[in-house]
Structures are given as C-alpha cells and as structure tokens.
Amino acid sequence: MKTAIWLYLFLFLAVFDLHAQYPILTPFAISLGAVPTFIGWMMGIYSLTHLPGNLIAGTQIDKYGSRRYIVFSLLGAGIILLIQAQIHTPWQLLALRAISGFVLAFLSPACLALLAQLSSDPIKQGKYMSGHGVVHTLASVVSPAAGALIVGALGFSATFASLGYLLILSGVIAWLSMPKGLAEVQYEKVTEPAMPSSPVGEKRKFLPVSWRYFALPLVIACAQGILFFELPLRGGGHSSIMSTGLLFSIISIGALFTLSMLFLNRYSPKLRLIAGVLVMSLCFFALAAIPQIPLSSVLFVLGMSKGIIFPAMATLFIRLSGGNKLGRIFSLQSIATSIGSFIGPITAGQLRVGLSPYFIAFVLLMIGIMLLPYFTARREASLSDPKSILG
C-alpha cells in the first residue's frame, strides 16, 4: 500500500504538470505564429513519437521493473519544459513536443504495470486502477484552470519553467523514495501463479489478447485528440485561455464523479467499457449535431464516460492477460493510444472546414464498439478469473 501511495503522488504531480499545458499550448503556438493545420501536427507528433518509446517500454519494464522508467520520464519531461520556456519559433516547439512524446512514452505503462503487480487479486487490482483514475482525474480537475491562471499572472515562459521544475522535483522524489529493485521484487511476488499445477493457471499464463481489444483505446484516443484540438479553437481561436481551462476541468470533474462510484468495480469490466464508450460517442454526436445543449453539460457527461472507461479498460487487460506480461500489455495499449492521439488532431486540422470533427469522433467510437469481441466473455471469464462469470 505504501508503494501505491507514493506512486499516486508521482502520478498526481506528473498529470497536474501535463494537463496544465492543455489550455495554453494552442495559444502559445499561435503566439509563435503557428496556423491551425500546423497546430494539429504539433499535437499529433507528440503521440507519433510515443510509439518507439512504447515499443521499448513493453519488454524493458517486464525485464527490469518500472522504477527507472518512471524516474527517466519525469526528469526528461521536466528538462524539456525548461527548454520550451526559451523557444521563439513554431518549429522549435514541434521538435520539443516530438522529444517529449518519446520521453513520456514510458511513464504510463510503467505506472500501470507497477500498480497491477501490487496484488494478484482481481478485486484489489480493480481498486488500484480506480485509485489511479481518481488521482489522474483529481490532478486534471485543477490543472487546466491552474495553468491558465499561471499564464495570466506570469506569462508562457515562466509557466513552462515552473512546470518543468515541478516534474524534475517529482523525478528526484521518485528516485529517492522507491528503493532500487522494489519494482522487480513486487513483480516476481505477485505474478507467480497462485495454482501453478492447475490447468486454469496454465491457461491464464498463456492467454492471448485479441487485437480487436486494442482498437478501442485507439479510437478513444483519436476522439480525445479531436476534442483537445477543437476546444481551444472554438470561436475561431479567440476563446480565452481561462474559459478553455475551465472546460477541461469540467471534463475532469465529470470523470471524478463516476470514479467515486466504487460499486461500479463489482460489474464486468467489459460491460462498463461498452457502456462508457457508448455514452462518450453520444456526447460527440451531441457536440456535432445538437448545439442547443450547453457545452459544459455535454463535457461533464463526456467526463463521466471517461471515469467509467479507463479503470474498466485497465482491469479488462489485466484479466485477459492472466496477470502476466503486464509491461507488454500496457505498452500495446499505449501504442494504440499513441496512434489514435496522432490521428485525431491531424484529422481535425485537415477536415474541420467541411465536416465536423466531432462527428468523425462519433463514427470512430461506434466502430470501436462494433469491433469489440462479444462472444468470448464466458471463455475469458473462465480463463482469467475462475470465480467470475462476468468476463
């Protein structure tokens, strides 16, 4: 539990730092002379350079544990933000975003793998993933508005510098507070099969995960990338940084609302995942076709869907993998997320004049729901959790 508390602290600081940039990156790029199409590439390149990092992270986290990669991501991202505070051209920003994407590619798989390794009990794993979601959401509730306030008071350069120092401090604390070898010991302890001689134990060890499951994080990330691109550009790009920050915070408050409903962990992760994605897709449809609905209301419900989706997705992948190769499983999830986050803003930047990007997000999410395997739930349940019939 002590390890989980430290990990939650690092996640809070890292997520606060990164989400504080959401409402200010687009205005900052515009101040440097960037146009919307370039901004789409700037946001997309971050996710594209995630891919090689994700590929490396998959095998290395399983081999060496999570600690060193958490520290590397935090320190590296902090140094990049310090450099970002001194740039003067859009191309310099593009280059730094590309490097930042690679550096931070290790953070999410390492954190999720370490959390999953803290217990072999599916219920406790679900609680750890919900805790991860709560911490992530708490940080993202306050960070966009905080970032906007800091920019208003100090300007872009001082804001990026202060966020960079915060990440570096987080990395130093992680290095000092997580003893060397902790992640590896935890991994060996909890991934040892509970019943090594049983057929069920063997099946859990080698249970493959269908590629169709990874299509879902791809389309979800694509839809989110579209949203993060479009919100700062509403009103022709003249919306205030503060109003944009508050809208991002509303999304996070909605996610926090559903994450606090701990009883949801009693239900099938696949059922929760389907319900959450369906609600999210309807929110994007409302953004595209029903402008009469207040934007803040739609974003709150969209945030609620996120609070359902992400803990359910993490729990589902743990069960499908049988608790083994967690670094690789979460790395593949991060790869799918990176591809979607790359495609989303670029697509929005290219097609936003003739077609609502929100409608594209709606269609992609519906395709993701249809691709999800529906006729293997009972088999997955028997292989991943012999006491469950929910999948």
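Tutor: Rings of Phe, Tyr and Trp pair if their centres lie within 6.5 Å. This is a predicted model, and a search of the whole structure finds 13 aromatic pairs.

Student: What makes Phe 214 and Phe 317 an aromatic pair that is stacked?

Tutor: Their ring centres lie 4.9 Å apart, with 15° between the planes. A pair needs centres within 6.5 Å, and stacked means planes under 30 degrees apart. Both values pass, so the pair counts as stacked.

Student: Which parts does the pair of Phe 214 and Phe 317 tie together?

Tutor: Phe 214 lies in helix α12, residues 211-230, and Phe 317 in helix α15, residues 295-321. The pair therefore ties together parts that are 103 residues apart in sequence.

Student: Why is Phe 214 called buried?

Tutor: Its relative accessible area is 11%. Buried means under 20%. Phe 317 is buried too, with a relative accessible area of 2%.

Student: Why is the pair of Phe 359 and Phe 362 called tilted?

Tutor: The angle between the planes is 40°. Stacked needs under 30 degrees and edge-to-face needs over 60, so the rest are tilted. The centres of Phe 359 and Phe 362 are 5.9 Å apart, and the limit for a pair is 6.5 Å.

Student: How are Phe 359 and Phe 362 separated along helix α17?

Tutor: They are 3 residues apart in helix α17, residues 357-371, so about one helical turn separates them.

Student: Is Phe 359 buried or partly exposed, and what about Phe 362?

Tutor: Phe 359 has 35% relative accessibility and counts as partly exposed. That class runs between 20% and 50%. Phe 362 has 17%, so Phe 362 counts as buried.

Student: Which residues form one aromatic cluster?

Tutor: Tyr 69, Phe 72, Phe 102 and Phe 106 do.

Student: How do you know that the charged end of Arg 67 sits over the ring of Trp 175?

Tutor: The charged end of Arg 67 is 4.0 Å from the ring centre. The cut-off is 6 Å, and the charge must also be within 35 degrees of the ring normal. Arg 67 is listed as sitting over the ring.

Student: How many cavities of 30 Å³ or more does the structure hold?

Tutor: It holds 3. The second largest cavity has about 80 Å³ of space. Of its 11 lining residues, those closest to the centre are Thr 258, Leu 264, Asn 265, Arg 272 and Gly 307.

Student: What is the lining of the second largest cavity like by class?

Tutor: The lining has 6 nonpolar, 4 polar and 1 charged residues. Helix α15 gives the largest share, 3 residues.

Technical notes
Residues are numbered from 1 along each chain as its sequence is written. This is a predicted model: local features need pLDDT of at least 70, side-chain atom pairs count only at pLDDT 80 or more; totals for chains, interfaces and linings use all residues. Side-chain values use heavy atoms; hydrogens and water are left out. Rings of Phe, Tyr and Trp (its six-membered ring) pair if their centres lie within 6.5 Å; planes under 30 degrees apart count as stacked, over 60 as edge-to-face and the rest as tilted. Helices (H or I, at least four residues) and strands (E, at least two) are DSSP runs, numbered from the N terminus. Buried means under 20% relative accessible area, exposed over 50%, partly exposed in between (1.4 Å probe, protein chains only). On a 1 Å grid over the protein atoms alone, a cavity is a set of points where a 1.4 Å probe fits but cannot get out, and a pocket is an open set with protein on both sides within 12 Å along at least five of seven lines; lining residues have an atom within 4 Å of a point. Grid points are joined across faces, edges and corners, and a volume is the space filled by probe spheres set on the points. Ala, Val, Leu, Ile, Met, Phe, Trp, Tyr, Cys and Pro count as nonpolar, Asp, Glu, Lys and Arg as charged, and the others, Gly among them, as polar.
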